Amino acid sequence: MKFRITFINWHVEAGTRRKMKRLLSFQRYCHASRLLRGLVPHTPGSLHLLDDDYLGQAAHMLSKVGKWNFDIFLFDRLTNGNSLVTLMCHLFNVYGLVHHFQLDMVKLHRFLGMVQEDYHSQNPYHNAVHAADVTQAMYCYLKEPKLAEQLSPLDVFLGLMAAATHDVDHPGVNQPFLIKTRHHLASLYQNTSVLESHHWRSTVGMLRESRLLSHLPADMQDMEQQLGSLILATDISRQNEFLSTFREHLDNQDLDLQLASHRHFILQIALKCADVCNPCRFWELSKQWSERVCEEFYRQGDLERKFDFEISPQCNQQADSVPAIQIGFISYIVEPLFEEWLRFTEPSPLSQNMMGHLYKNKARWSPESRRGISEDKF
């Protein structure tokens, strides 16, 4: 059974919970397997449809994929919407993961195509471009000198896979929304890490359907559990838990990256950083992501208003401005996390660069700065 998330009939009359549940029926629900349907996912092979100039520009961008100013929106356009598949194939080759794990390229392309297809392009924020952006950020973090020499091929494989799949099949609404609408996923996962559990289980389903890892020995099959541990770490409600543990390790100076468990913890932290790194990008990219995530929040708020639910925090377009949402997000989530990441990297040029962008972007979202921009440019 293939469960997919989609919203249907946006114009139904407000009223009963039955209508709400119908509105939120997931794409995966009662969906036949892609293999049974004979669908061929989009893969880099489809790039032959692009103009040679576009292919050349995409290849040139990949040569600079480790730079923090990488423009994922441009890359997605140059790859005809295949940024996630193209990026993952490139990074797997960079690290020699295809050879190391003896991966079948047909199965790899099929799996990555399935993942990319399961992201919802109609979501302003939680879509395949976000997944590609997080993957590119993860690659930058995996290259950090403090970390790079300690990582095993399995660490790199899990880090990149978790980044690419961490939000797969995201419905464009948050966990509290699923809980208060009594959605079946909230019941299935007992109102705990509902979306993250769904992302993980969806990924496991696609791994098994594609048989990408079926040739690996039995002792490697716990990769699914390790992948789940990484994806579940992105649950924002567990932010303080991870941040406190990270800070404690740094205060005690007891992180030992020779230990697999400690490397796994740092991969969890790296993925959390990659997932919320948009305010650390240069302004033009950061602003686009900020507007996209707020648009997704506002859509949820409109849906809640339509069905006479209490509007969730940050989802009321009339009361919650983009600058206010971003300043709060930076102050309470991003800044504390990246301050500790800066300590961990001791600090690296990349971390210093990210913090510089973070402080500048926070200042630009401030009311005083916005008034100055408004007077100067409008």
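**Figure 1. The side chains of H166 and H130 make a polar contact (3.1 Å).** A polar contact is a pair of N or O atoms within 3.5 Å; within protein, one must be able to donate a hydrogen and the other to accept it, and residues adjacent in sequence count only if both atoms are side-chain atoms. The model is predicted: local features need pLDDT of at least 70, side-chain atom pairs count only at pLDDT 80 or more, and totals for chains, interfaces and linings use all residues. Residues are numbered from 1 along each chain as its sequence is written, and side-chain values use heavy atoms, with hydrogens and water left out. H166 is in the loop between helix 10 (153–165) and helix 11 (175–180). Helices (H or I, at least four residues) and strands (E, at least two) are DSSP runs, numbered from the N terminus. H166 counts as buried because its relative accessibility is 0%. Buried means under 20% relative accessible area, exposed over 50%, partly exposed in between (1.4 Å probe, protein chains only). Leaving aside residues up to four places away in sequence, H166 touches Y119, H130, A131, V134, H199, I231 and D275. Contact here means heavy atoms within 4.5 Å.

**Figure 2. The side chain of D167 makes a polar contact with the side chain of H166 (2.9 Å).** D167 also sits in the loop between helix 10 and helix 11. With 7% relative accessibility, D167 counts as buried. Its contacts, not counting residues up to four places away in sequence, are Y119, H126, H130, H199 and D275.

**Figure 3. Four residues carry the UniProt annotation "binding site": H130, H166, D167 and D275.** The annotation comes from an unreviewed entry. UniProt positions are given in the numbering used here, feature names are shortened, and annotations may be inferred rather than shown by experiment. The four are spread over 146 residues of sequence, yet they cluster in space, with a largest C-alpha distance of 10.0 Å. From this set, H130, D167 and D275 belong to the lining of the largest pocket.

**Figure 4. The largest pocket has a volume of about 1100 Å³.** On a 1 Å grid over the protein atoms alone, a cavity is a set of points where a 1.4 Å probe fits but cannot get out, and a pocket is an open set with protein on both sides within 12 Å along at least five of seven lines; lining residues have an atom within 4 Å of a point. Grid points are joined across faces, edges and corners, and a volume is the space filled by probe spheres set on the points. The pocket is lined by 38 residues, and H126, N174, I236, F297 and F329 lie nearest its centre. Helix 11, helix 13 (194–210), helix 17 (283–306) and helix 18 (322–345) each give two or more residues to this lining. Helix 18 supplies the largest share, seven residues. The lining divides into 17 nonpolar, 16 polar and five charged residues. Ala, Val, Leu, Ile, Met, Phe, Trp, Tyr, Cys and Pro count as nonpolar, Asp, Glu, Lys and Arg as charged, and the others, Gly among them, as polar.

**Figure 5. The largest cavity has a volume of about 40 Å³.** F157, L158, M161, L207, L213, M223, E224 and L227 line this cavity. Helix 10 and helix 14 (223–232) each supply at least two of the lining residues. Seven lining residues are nonpolar, none is polar and one is charged.
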